[in-house]
Amino acid sequence: MTQNYTISSRKGWISTAVSTALLLLGQLAQAQEGSQGNTTIFGGAQMTFFSNHNFVTGGGGAQPGVILTERATGNFGVLNFAGDNLTSTGASDAGYVDGYVRKYGAGSFVFPVGDNGFLGQFAASADGVMGAYFHADANTAVTSNLFTGSDYVALPNGGPFATSSMGTNVNVVSTVEYWDIDGPNATPLTLTWDAGSAIGPLTGSDLTKLTIVGWNGTEWVAIPSKVDTTSVLGGTSDLTAGSITTISPLAPDAYTAYTFASLISPLPVTLTRFTAAVESRTVLLNWSTTEEANSDHFEIERSQNGKQWSRIASVASQGDSRVLVNYSHVDASPLAGQNFYRLKMVDRDGTFAYSLIRRVSFQGEGGVAPYPNPVVDKILIRQYELVRQLDIVNTSGRKVISNQPPSAAGIDVTKLPRGIYIVIMTLFDGTISTHKIAVTR
């Protein structure tokens with residue numbers, strides 16, 4: 001879900017945050033949630049920690065215990081963590097942020113969010129990610145407004161989110177909790193659970209069926225994800241506590257809300273990469289798996305609008321494997337203009353799951369595209385205003401340019417060695433457009 005803020009610059013928001021924090025300090029001793037003396041951040045206000053924070057001892061101007069922020073759409077109170085590789089420790093059902101937390105800076109961050117006496121942390125690494133936890137049934141999407149003693153209207157905007165409306169291969173969606181996670185930059189997303197999340201009943205005590213799902217506006221869609229052997233909160237993930245992470249980075253804004261669900265059957269493969277890149281008048285599709293169990297084949301589906309799909313090819317899979325396996329296919333007759341691609345991963349018993357969608361377009365035929373190609377100094381992006389961020393990857397798969405916001409000025413590539421590169425553009429609608437380019441001198 002996209003939330004808009006009027007912040008002129010990084011320097012500007014830091015100055016504003018510091019001023020707000022100073023203004024709040026005089027109110028902290030009087031801020032209350034229930035019987036606990038805690039910190040409150042009112043609607044439209046922000047407070048910023050520039051160093052690590054511990055919810056047991058407090059610090060940074062905050063008392064130990066719950067930090068309450070206003071949740072109402074368009075009138076958020078926000079607690080910022082500003083700095084690279086910051087940590088927030090000591091969070092529990094008695095000490096957390098009841099509302100929205102945002103991180104600025106590099107490094108993975110565990111967001112210490114909770115709701116009404118329940119901790120519900122998540123993790124992300126991209127700069128600018130913001131989110132809140134809701135210990136509420138997504139079918140009503142209503143939680144208590146501790147500022148007024150009543151309830152909020154359904155939050156976030158777009159709620160409630162019917163758990164009976166499910167995409168392919170989704171069996172049961174959690175009615176215990178959900179998250180509103182926002183941000184334009186692609187990042188791995190991690191959700192955590194504890195005994196109160198009821199993961200055992202949700203999955204029939206089969207943790208391999210657990211997945212992250214996102215609300216796309218009409219239904220809960222399975223997002224390829226994998227249970228972390230070691231939870232981001234420490235300890236081994238099991239039915240009572242643990243974490244699960246998306247297999248591929250995604251822009252949090254791509255979905256309105258996130259929660260847990262169980263799959264009809266576990267994914268037949270662990271897909272670690274899926275790309276689509278223009279090569280002359282063809283589209284080269286590449287994907288990789290690190291685990292396959294009873295996998296039968298991949299079906300490549302294509303669409304011109306992202307809604308109506310048709311199968312264009314089938315590729316046999318390895319079947320059973322625990323090593324890296326690379327696959328490829330060339331679409332020799334792509335459609336004019338936009339082309340959307342997805343993989344249908346089919347198991348031997350006929351069950352299947354879909355990958356994330358990739359999009360490419362052709363220069364001179366409309367749509368987002370980099371030019372010129374070959375390029376000497378600057379890559380320009382046609383319809384750059386549709387693009388959230390741009391990454392450039394070399395032939396070894398290493399990012400040589402990352403998280404660049406495209407503009408009319410283009411992207412400087414003069415420091416890149418001559419060679420072939422993949423331009424990966426994450427669009428505001430959540431799809432990814434990739435193109436192969438050559439850098440020359």
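Q121 touches A91, V110, F111, P112, V113, W179, L191, T192 and L233, leaving aside residues up to four places away in sequence; contact here means heavy atoms within 4.5 Å. The model is predicted, so local features need pLDDT of at least 70 and side-chain atom pairs count only at pLDDT 80 or more, whereas totals for chains, interfaces and linings use all residues. Residues are numbered from 1 along each chain as its sequence is written, and side-chain values use heavy atoms, with hydrogens and water left out.

- Q121 counts as buried because its relative accessibility is 7%, buried meaning under 20% relative accessible area, exposed over 50% and partly exposed in between (1.4 Å probe, protein chains only).

**Nonpolar cores**

- A nonpolar core is a set of buried Ala, Val, Leu, Ile, Met, Phe, Trp, Tyr and Cys residues joined through side-chain atoms within 4.5 Å.
- The largest such core has 41 residues, of which L191, Y258 and F260 touch the most other members.
- Apart from it lies another core, of 22 residues, including A141, V173, W220 and A261.
- Contacts of L191, not counting residues up to four places away in sequence, are Q121, F122, W179, I181, I212, G242, S243, I244, Y258, T259 and F260.

**An open three-stranded sheet**

- Strands of a sheet pair through backbone hydrogen bonds, either parallel or antiparallel.
- The order β34-β35-β38 describes an open sheet of 3 strands with antiparallel pairing; two strands pair if DSSP finds at least two bridges between them.
- β34 (369–371) and β38 (411–412) are at the edges with a single partner strand each, so one side of each has no neighbour in the sheet.
- β35 (residues 378–382) is joined to β38 over 2 bridges in the antiparallel sense, and I379 stands opposite I411 in β38.

**F49 in strand β4**

- F49 belongs to strand β4 (residues 46–49) and counts as buried because its relative accessibility is 3%.
- Between F49 and G59, which are 10 residues apart along the chain, the C-alpha separation is 8.9 Å.

**Overall description**

- The protein contains 2 helices and 40 strands, and 52% of its 441 residues count as buried.
- Of the contacts between residues at least 6 apart in sequence, 62% join residues at least 24 apart.
- The accessible surface, from the Shrake-Rupley method with a 1.4 Å probe, is about 18,000 Å², with 51% belonging to carbon and sulfur atoms.

Technical notes:
Helices (H or I, at least four residues) and strands (E, at least two) are DSSP runs, numbered from the N terminus.
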